[in-house]
Amino acid sequence: MDMEAQRFVWGGAIPLQIHLHESDVVTLPAPPPALILAPRIGHLPLLASLLKPHFSSALPPRLDTIWFEYKGLPLKWYIPTGVLFDLLCAEPERPWNLTVHFTGYPGNVLIPCDGEDSVKWSFINSLKEAAYIINGNCKNVMNMSQPDQVELWRSVLNGNLEAYFRVSSKLKLGTVGEDWAAKNSCSPKSRPNMGETDVSGQVKAGRVPVRLYVWSVSEDFDDLEDAPQIDGWDKVSYINRPVEIQGGGGRCFTLNDAIKSLLPEYFPDKSLIPEESPTVGEEDEQKVSSEDAIKSDIGAEEEVEKSREHTKSCNQYDDAEIKLVRIQGIEPKLEIPFFWVANNLLNPEHFLHICVYLKVPQINNM
Amino acid sequence: MEALGWDGALSSRDFYVAARAFADNWKEFNSTFPPWNWVPSPRLSQLQQQLGYLSLERICLLGSSKEDVNEENHTGEEEASEPVDNATLVESSSPQVCYYDFHIVYSDSYRVPVLYFRSYYIDGQPLALEKIEKDLPACSSKVLLESKWTFITQEEHPYLKRPWYKLHPCGTSEWMKLLFLGDNSLH
């Protein structure tokens with residue numbers, strides 16, 4: 001596998017300027033902020049070993065768990081640092097000004113964190129979840145030897161991609177959608193072979209572990225600088241659902257398709273409607289859509305029109321619009337093949353974290 | 001369902017249908033017990049009305065789970081063992097009441113139902129994990145000791161976005177298979 005993109009992902013870092021919260025300052029003058037280059041794939045509590053010495057002279061004697069906030073919003077430590085930045089800074093702020101606390105942990109909002117062990121196990125449990133999505137079981141992760149487990153975690157901590165590949169290859173998580181891509185038009189070398197993929201009426205779908213963070217705004221903005229601030233986690237929908245790469249029909253499954261498949265309430269999918277909605281589950285409707293899957297290009301227009309009619313009553317977000325998609329700090333074109341994104345921009349726990357800014361017009365009559 | 005070839009997984013629609021049926025049956029056959037309710041996702045969307053979870057809340061545990069056990073099995077013998085309490089200290093005659101909330105949420109990753117729970121005292125203060133451990137069946141507290149990070153951990157509740165305890169689901173599909181096979185092998 002070409003590791004170039006992964007090298008960039010692993011090398012990615014956010015310049016942080018971290019201020020000690022005034023309630024934790026017990027000596028004057030207040031200490032200067034700490035400047036740290038934090039790895040994108042890392043987690044904020046892992047910075048404790050750098051921050052504690054920096055602020056030690058000012059800190060009270062009894063310290064609680066370390067936690068961070070950005071403009072009053074407590075940051076979830078289990079979300080990778082790069083994802084927090086992509087999500088919370090519409091217009092990237094460099095350095096990113098965060099506030100660190102060593103007391104008053106907001107345990108009602110944030111999952112408790114017992115330092116590195118918590119972060120490590122959050123990583124391992126996510127890896128298990130990803131393995132389950134990909135292989136249908138997590139035996140390879142569960143049966144990992146103790147030394148391998150230690151080495152895997154150390155490789156992530158130290159950003160050592162070679163060591164990481166050495167150990168993680170034993171987990172047989174493979175790359176997603178390769179077979180599928182080889183048979184379809186995503187790969188420029190081979191033309192789609194519809195006879196082959198549609199023999200059984202369906203293509204074996206690859207499942208891709210995805211964590212999707214959706215921030216929806218009602219008012220439009222032209223400039224990201226004018227984007228409203230995220231001031232509470234309730235403004236962000238978090239969707240933890242695998243993407244099923246759908247092949248067939250010779251159409252390339254794009255990033256756009258993947259995101260929309262995770263947001264059926266905003267982008268009702270023609271093939272999802274009969275199954276998901278009890279109000280439109282008619283027999284002939286279902287037939288039309290399975291036929292349609294085979295000759296998608298011909299019948300697609302008609303089908304979309306049809307399902308629009310059906311869903312008009314239940315879909316209140318007809319004009320939802322994807323304003324921006326960020327993955328690993330990149331704003332990729334929505335037309336790129338999803339399997340490329342999945343194989344190259346994933347985090348070490350094998351999840352692809354996607355941040356989406358969604359414009360959803362306010363519905364007045366609801 | 002064909003149990004032999006089945007991988008133990010459910011679709012979210014299977015879960016929705018089964019959960020609703022379970023809640024209905026529970027109400028019918030256990031009408032004296034607190035109800036399991038289906039809580040739809042707060043995200044407003046009729047297309048996704050099948051998103052949601054099963055909920056059983058404010059289940060009261062008195063001291064070390066005395067009161068809630070087998071009401072229908074109450075016999076004179078059990079009553080007779082009660083006076084033991086007289087020997088204990090005065091303050092424990094009013095044991096601290098605690099409550100448990102249980103939610104069953106469908107996991108798209110594992111394609112099985114997952115148990116989330118939380119427990120708290122009457123004033124809303126959450127119980128420490130060590131306290132919860134004492135309320136677990138003996139075999140579970142043993143597993144908890146052996147695998148601190150892979151059995152029960154605190155995670156964000158998928159709908160409520162608050163820390164809840166979660167029973168890890170990676171073995172659940174195996175249990176589901178056993179459950180269905182068990183039905184067959186009994187005959």
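Chain B contains 5 helices and 6 strands, where helices (H or I, at least four residues) and strands (E, at least two) are DSSP runs numbered from the N terminus. The structure is a predicted model, in which local features need pLDDT of at least 70 and side-chain atom pairs count only at pLDDT 80 or more, whereas totals for chains, interfaces and linings use all residues. Residues are numbered from 1 along each chain as its sequence is written, while chains are lettered from A and ligands numbered from 1 in the order in which they are written.

Read from the N terminus, the elements of chain B follow the order α-β-β-α-β-β-α-α-β-β-α. Of the 187 residues of this chain, 20% are classed as buried; a residue is buried if 20 or more other C-beta atoms lie within 10 Å of its own, exposed if 12 or fewer, and partly exposed in between, with C-beta atoms placed from the backbone. Among the contacts of chain B with a separation of 6 or more, 52% are made by residues 24 or more positions apart, two residues being in contact if their C-beta atoms, placed from the backbone, lie within 7 Å. Strand 5 (residues 152-156) of chain B is mostly covered, with 4 of its 5 residues buried. Strand 5 of chain B runs antiparallel to strand 6 (residues 163-167) of chain B, and 5 bridges join the two; strands pair if DSSP finds at least two bridges between them. Within this pairing, Ile152(B) has Leu167(B) as its bridge partner. The two strands form a hairpin with 6 residues between them, and Lys161(B) in the turn has a positive phi of about 55 degrees.

Chain A comprises 14 helices and 11 strands. Of its 366 residues, 39% count as buried, and 75% of the contacts between residues at least 6 apart in sequence join residues at least 24 apart. An open sheet of mixed pairing is formed in chain A by 5 strands in the order 2-1-5-3-4. Its edges are strand 2 (34-39) and strand 4 (73-74) of chain A, each of which pairs on one side only. Helix 2 (residues 48-55) of chain A packs on this sheet, touching strand 1, strand 2 and strand 5 (96-101) of chain A, and its direction makes about 175 degrees with that of strand 2 of chain A; axes are lines fitted to C-alpha atoms, for helices over the stretch in contact, and angles run from 0 to 180 degrees between N-to-C directions. Strand 1 (residues 13-20) and strand 2 of chain A run antiparallel and are joined by 6 bridges, with Ile14(A) opposite Ala38(A). Helix 3 (residues 81-88) of chain A lies across strand 1, strand 2, strand 3 (67-70) and strand 5 of chain A, at about 85 degrees to strand 1 of chain A.

The domain assignment, whose bounds come from an automatic or database source, divides chain A into domain 1 (4-101), domain 2 (116-171) and domain 3 (178-268 + 315-359). Helix 4 (residues 116-135) of chain A gives the most to the side of domain 2 that touches domain 3, with 7 residues.

The largest nonpolar core has 92 residues, and those with the most contacts inside it include Ala131(A), Phe338(A) and Leu352(A); such a core is a set of buried Ala, Val, Leu, Ile, Met, Phe, Trp, Tyr and Cys residues joined through C-beta atoms within 7 Å. Helix 4 of chain A gives the most to this core, with 9 residues.
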